[in-house]
Amino acid sequence: MEKLYWLDQIKLQDRAKVGDKAFYLSRIMQRGYPVIPGFVVGAEVLQQFLETLNSSESLVADLPHSSLYLDVSNWRQLQQVAGRLRQEIITATVPAPWVSKMLTAAREWETDHLILRPTVMVPNTTKALGNISGLLESVFCPCNSEAIAIGLKRTWSQLFRARSLLYWQRAGTDLQKVNFAVLVQPVRNAIASGLFHANTSGWEITATWGLGVAIANGEVLPDVYYIQPETGQLIEQQLGSKILAYRVDNTAAKDDLQSLPQSLLTSDNACLVAYLLEETKQKQYALPEEYLQQVIVLGNQLLSELGNNFYLEWTLSQVNPIPKLYLTQVSAPQSAIPNVQIIKGLGAARGRVTAHAYVIGNGQSKPEQLPQGVILVAKAITPDWLQILQNVGGIITEKGGLTSHAAILARELGIPAVVSATDVTALIQPGERLLVDGDRGEVSRVREDITSESTVPRELNHSSFEESSSPPNSKGWESQKPRFSWTSPQAIIATQLLLNISQPSLIEQVQSLPVDGVGLLRSELMMLGILEGQHPNSWLADNRQAELLELWTEQIMQFACGFAPRPVLYRSLDWRSHELPSFPAQHQSSSQAVLGDRGIFSYLLNPAVFELELAALANVQKAGYSNVNLLLPFVRSVEEFSLCRQKVEQAGLTQIPQFQLWIMAEVPSVLFLLPEYVKAGVAGISIGTNDLTQLLLGVDREQEQLARRFNELHPAVMGAIAQLIEMSKNAGIPCAICGQAPVIYPEIIDRLVQWGITAISVEPEAVERTYHAIARAEQRLILEAARRQLKGG
């Protein structure tokens, strides 16, 4: 380690060595803005460290010179390799002169604690890294030689996590090309910390007590201040929900602090302490008025540096005698960085499409219709957008994760989609020609071919097509992947492969797919096409029961007929009213309810709609179709199920011997009650991994702050799935899985097959790769069994 790069001395040519985070902080620090001092351990130091590893593991020994090509779809291999690499780094020794140099530099700050922050750059590329905060996290440590060495190794080792290896390989970036540096700064306890988001429509400042860790972890709902950019005036403020805060563990006054148990100290951040806020502080705004004004002034000054769209992180440090405001991170949107033409997000639905952008920005509501073939760019999408999505070429949203409504709808419709693309509605101009790559999670600007002629107007915006919906010609919409492609299977599979579907218009397209039936007919999405924007209760109130019953019956019958004699598992209505903003307000519950009146509980509160739904199913049976079974959603208790079963029997559905009544296994109580459910008449279960994950892990899948923590691969979720499969086998009932986990993480299919899953249900666009994944998993099981038999013989 020849040198440390001090923030106030970093030059343009140092960017590749210090990474983007440190580089941009150094730029504004050198222009006089308040930035906490710091130095950078350059990217070359990690390379030198890896070359010193004396390991018998060939993979580790060759790491500095290897591109580390892995089969990231092989979940076991990925976890094993990542574990080996991280273990080798953690157990290795950092050269004493390196640690001594860092400690000497850090002592200039007279601080007790340090923060080590990953700062990354991939040189010689125009690709933007996007938000990688979920991959790489800051490490806190005491300011002593032993802690610095451990902290540095823990920071470096994050590059070799399984999720990090997966990200870089799917991003098409060789690990050798990732310049990974570490920014070291002193840590002082903070009065408050937060974020500053600026765009053309307004400024938003968020704040919480203490260090900013609570916001980064999604453990608080911060206070929010809405600012008018032109005047700097406070338009509105909202008090958040702030129960805890973070500080570094020193001798700071604790009069108003009640520390949490030591179990809340993290192993990587042993000097970081979470503490409960007193009730009086919870009810106070975290950012005092005078410092709010300082944040606003700073934001206004940075307009000239960064343009109208940028993002800041700030902290109000406890510096005696007067607290001081510092900037801890600065980032501008990709369009503010020269030559960057790619916007990163999460690839939510596979495929690539080139078309013109149709942008729906702040304050604009859902349009009545969309031009055919455009790429829809929006903040977020709710289920009631379904009908206008039928003919779009691609979807891009700012919010939502891989299990958001935008992602699920795009996968069912076979539309390439990218979600969680930060500030995309501000970055993309209406009418821009874009390439959406749903495989890589990228949105690229495409130069217009001046020789081509397209009927798509350049002024594509929310009002351009209010009175016209004429489709563009083929030059305006170039899809590079058929929606539902299939090649003849090479192997027969024993595990049932089923479809998740809701749109009758797709039946003809998917009938020839090698599936055993429909594993999830989403009734709420199916019904959106016939409800005319009205809640079913409105139809009943207007005495239109007979009309609605006829339409409902016709919808279900299309699926029964289209897939007969293959079974169709019809899930009864399950929607949260705040997901359907177009419905009349009088039929919605609180928009703040995360769960709303979910599942069969709503049937007991308002049985009329459920009884009409059962009547529609009974009509389908009377028409001669015996292949439709009923799947009850979000079942909380055996008593609820039993009451619903009584209504099913009263509707006459159980008179046909083939009829089966299933439940969704998504509320964690099913892990304890499944035997009782079976006794009460449950004929099968279908695991809904989306809700099961958010309820087990305590996160809201629609809240982008928590999206990186919403992960079906979590040991608790995988353990729950394994337990449900085993309990179903013991009870003698089938167990399917219809959540998004097998689509998003196909590597778990191996384990599902090994555990004995009965059926896997996926969207049409995932059928081919899921079929092959099941075939490979079954072949491996057969080979393993044969080898065991040979050894035994």
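Helices (at least four residues) and strands (at least two) are DSSP runs, numbered from the N terminus. On that basis, the protein chain of this predicted model has 25 helices and 31 strands. The chain comprises 793 residues, of which 55% count as buried. Among contacts between residues at least 6 apart in sequence, 69% join residues at least 24 apart.

**Helix H16 against helix H18**

- Helix H16 spans residues 545-563 and helix H18 spans residues 607-622; the two pack at an angle of about 50°, with their axes 8 Å apart.
- H16 is therefore oblique to H18, and the crossing of the two helices is right-handed.
- On the H16 side, the residues that meet H18 are Gln545, Leu548, Leu549, Trp552, Thr553, Ile556, Met557 and Ala560.
- On the H18 side, their partners are Val609, Leu612, Glu613, Ala615, Ala616, Leu617, Asn619 and Val620.
- By class, the residues of the contact of H16 with H18 are 12 nonpolar, 3 polar and 1 charged.

**Helix H18 against helix H19**

- H18 also packs with helix H19 (residues 638-650), at an angle of about 45° and with the axes 10 Å apart.
- This angle makes H18 oblique to H19, and the crossing of H18 and H19 is right-handed.
- Pro607, Phe610, Glu611 and Leu614 of H18 meet Cys644, Lys647 and Val648 of H19.
- The residues of the contact of H18 with H19 divide into 5 nonpolar and 2 charged, with no polar ones.

**Helix H21 against helix H22**

- Helix H21 (residues 689-697) packs with helix H22 (residues 715-731) at an angle of about 125°, and their axes are 10 Å apart.
- H21 is thus oblique to H22, because angles from 65 to 115 degrees count as roughly perpendicular and those over 145 as roughly antiparallel.
- H21 passes H22 in a right-handed crossing.
- H21 contributes Thr689, Leu692, Thr693, Leu696 and Leu697 to the contact, while H22 contributes Ala716, Val717, Ala720, Ile721 and Leu724.
- The residues of the contact of H21 with H22 comprise 8 nonpolar and 2 polar, with no charged ones.

**The buried face of helix H5**

- In helix H5 (residues 96-106), the buried residues are Trp98, Val99, Met102, Leu103, Ala105 and Ala106.
- Viewed down the axis of H5, these buried residues fall within an arc of 165°, so they line one face of the helix.
- The exposed residues Ala96 and Pro97 are carried on the face of H5 turned away from its buried side.
- Strands are among the elements that cover the buried residues of H5, including E1 (5-6), E2 (39-41), E3 (113-121) and E5 (179-186).
- The cover of the buried residues of H5 also includes helix H2 (43-52) and helix H6 (145-157).

**Leucine 525**

- Leucine 525 lies in helix H14 (residues 523-528).
- Its relative accessible area is 6%; leucine 525 is buried because this value is under the 20% cut-off.
- Leaving aside neighbours within four places in sequence, leucine 525 is in contact with Pro383, Leu386, Leu409, Ser502 and Gln503.
- Leucine 525 and aspartate 574 are 49 residues apart in sequence, and their C-alpha atoms are 9.6 Å apart in space.

Notes:
Residues are numbered from 1 along each chain as its sequence is written. This is a predicted model: local features need pLDDT of at least 70, side-chain atom pairs count only at pLDDT 80 or more; totals for chains, interfaces and linings use all residues. Side-chain values use heavy atoms; hydrogens and water are left out. Axes are lines fitted to C-alpha atoms, for helices over the stretch in contact, and angles run from 0 to 180 degrees between N-to-C directions. Angles under 35 degrees count as roughly parallel, over 145 as roughly antiparallel, 65 to 115 as roughly perpendicular and the rest as oblique. A crossing is left-handed if the near helix is turned anticlockwise from the far one by less than a right angle, and right-handed if clockwise. Contact means heavy atoms within 4.5 Å. Ala, Val, Leu, Ile, Met, Phe, Trp, Tyr, Cys and Pro count as nonpolar, Asp, Glu, Lys and Arg as charged, and the others, Gly among them, as polar. Buried means under 20% relative accessible area, exposed over 50%, partly exposed in between (1.4 Å probe, protein chains only). The arc is that of the directions from the helix axis to the C-beta atoms.
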